[in-house]
Amino acid sequence: MTDLRWMGAAIALGERARGQTAPNPNVGCVIVKNGQVVGCGWTQPGGRPHAEAMALDEAGAEARGATVYVTLEPCAHQSERGPACADLLARAGVARVVAALQDPDPRTNGSGFKRLKAAGVEVVTGIEADAAEHSLDGFLTRSRLGRPYITLKLAMSIDGKIALPSGESRWITGEDARAHVHHERARSDMILVGRGTYEADAPKLDVRLPGLEERSPRRALLTRGEPVEGWTRLGSPEEVYGLEGVNDLLVEGGSEAATAFLAADLVDRMLIYRAPIIIGEGKQALGYIGLTALADAHQRWMLTETRMLGIDRLEVYERLRS
């Protein structure tokens, strides 16, 4: 039970760094000695220092004989930006390392654990692995599939409309739902919209939450047309495989971009903000996504969370993949 508690704290720390560390993972770390936290850390913006290095700096001499809880295997590769965390932990004299996941990076991938064991450190793995997987979705998806973890956001009426026939769409949802969207932006490395949304709304796509303004992500435009200064141009959804330094991509609008990413089966998570209004005739949230049989629509999405955001309802769905 103690291991679960402290790993939960490490995962929470790692969440602080999501959207800030790419291409590195957003790792969290807690160092515990005699039931007390003596050090904690999370991967810093740009990927360095690593969570373990930050926690060790805080713990100092108290790290000797302590237990380290970390969401991902300590790295084993040398870098110009800093030493390997497995070596730092061994030199600090920690007694035990509890890690949620093994690092899929081929430069580490088990080597960190082996190095710790060779130094006489007890290694325990798999604690809160599912929760750590969710926290590290972006890094793990990019490591395994070569593309970012992609979240699609849709704000719509009860009857699935995102705008009036005139195109008016501000604001379908209320302030609480819009604040939640800004929180999601702060957790993303990049936000993408389609050309139609760009031309109709001239969106800034920044983060407007107090204290998080500096976490506004890079902007991307899905278009076959000319690029726009300050924006990354993607000619098709499949070009996400060429994005560098992006663990988490948020697709925010509009209907054509959402449809294109769903048709390409590149959406891993959907956020549906449903307002308690009926529009009737208006712009549909989605177009044709390639389904030819109703049976093919089933067993593709799993509802993982619902909550009220003021008067609006948030539904979170995750793509079921083999």
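**Notes on the sheet, the pockets and a few residues**

1. β14 and β15 are antiparallel to each other and share eight bridges. Helices (H or I, at least four residues) and strands (E, at least two) are DSSP runs, numbered from the N terminus, and two strands count as paired if DSSP finds at least two bridges between them.

2. A word on the basis of these notes: this is a predicted model, where local features need pLDDT of at least 70, side-chain atom pairs count only at pLDDT 80 or more, and totals for chains, interfaces and linings use all residues.

3. Now the whole sheet. Eight strands make up an open sheet with mixed pairing, in the order β10-β9-β8-β11-β6-β12-β15-β14. β10 (232-234) and β14 (301-309) each have a single partner strand, so one side of each is left without a neighbour in the sheet. From one strand to the next, the twist averages 25°.

4. Which helix packs on the sheet? That is α7, which touches β6, β8, β11, β12 (269-274), β14 and β15. Contact here means heavy atoms within 4.5 Å. The direction of α7 makes about 160° with that of β12; axes are lines fitted to C-alpha atoms, for helices over the stretch in contact, and angles run from 0 to 180 degrees between N-to-C directions.

5. Next, the largest pocket, which holds about 1100 Å³ of space. A pocket is an open set of points on a 1 Å grid over the protein atoms alone, where a 1.4 Å probe fits, with protein on both sides within 12 Å along at least five of seven lines; lining residues have an atom within 4 Å of a point. Grid points are joined across faces, edges and corners, and the volume is the space filled by probe spheres set on the points. The lining has 44 residues, with T197, D201, E252, G253 and G254 nearest the centre. Among the elements giving two or more residues to this lining are α7 (175-186), α8 (195-201) and β11 (248-253). By type, the lining has 19 nonpolar, 13 polar and 12 charged residues. Ala, Val, Leu, Ile, Met, Phe, Trp, Tyr, Cys and Pro count as nonpolar, Asp, Glu, Lys and Arg as charged, and the others, Gly among them, as polar.

6. The second largest pocket has about 430 Å³ of space. Its lining has 16 residues, and D137, T141, Y149, R319 and R321 lie nearest its centre. α6 gives the largest share of this lining, five residues. Five of the lining residues are nonpolar, three polar and eight charged.

7. Is A86 buried or exposed? A86, in helix α3 (residues 85-92), is buried, with a relative accessible area of 0%; buried means under 20%, exposed over 50%, and partly exposed in between (1.4 Å probe, protein chains only). Not counting residues up to four places away in sequence, A86 touches P74, C75, G112, R115 and L116.

8. Finally, some backbone spots to look at. A22 and P23 are joined by a cis peptide bond with omega about 5°, and R48 and P49 by another with omega about -10°. N34, in the loop between β1 and β2, has a positive phi near 55° and is exposed, with a relative accessible area of 75%.

Notes:
Residues are numbered from 1 along each chain as its sequence is written. Side-chain values use heavy atoms; hydrogens and water are left out.
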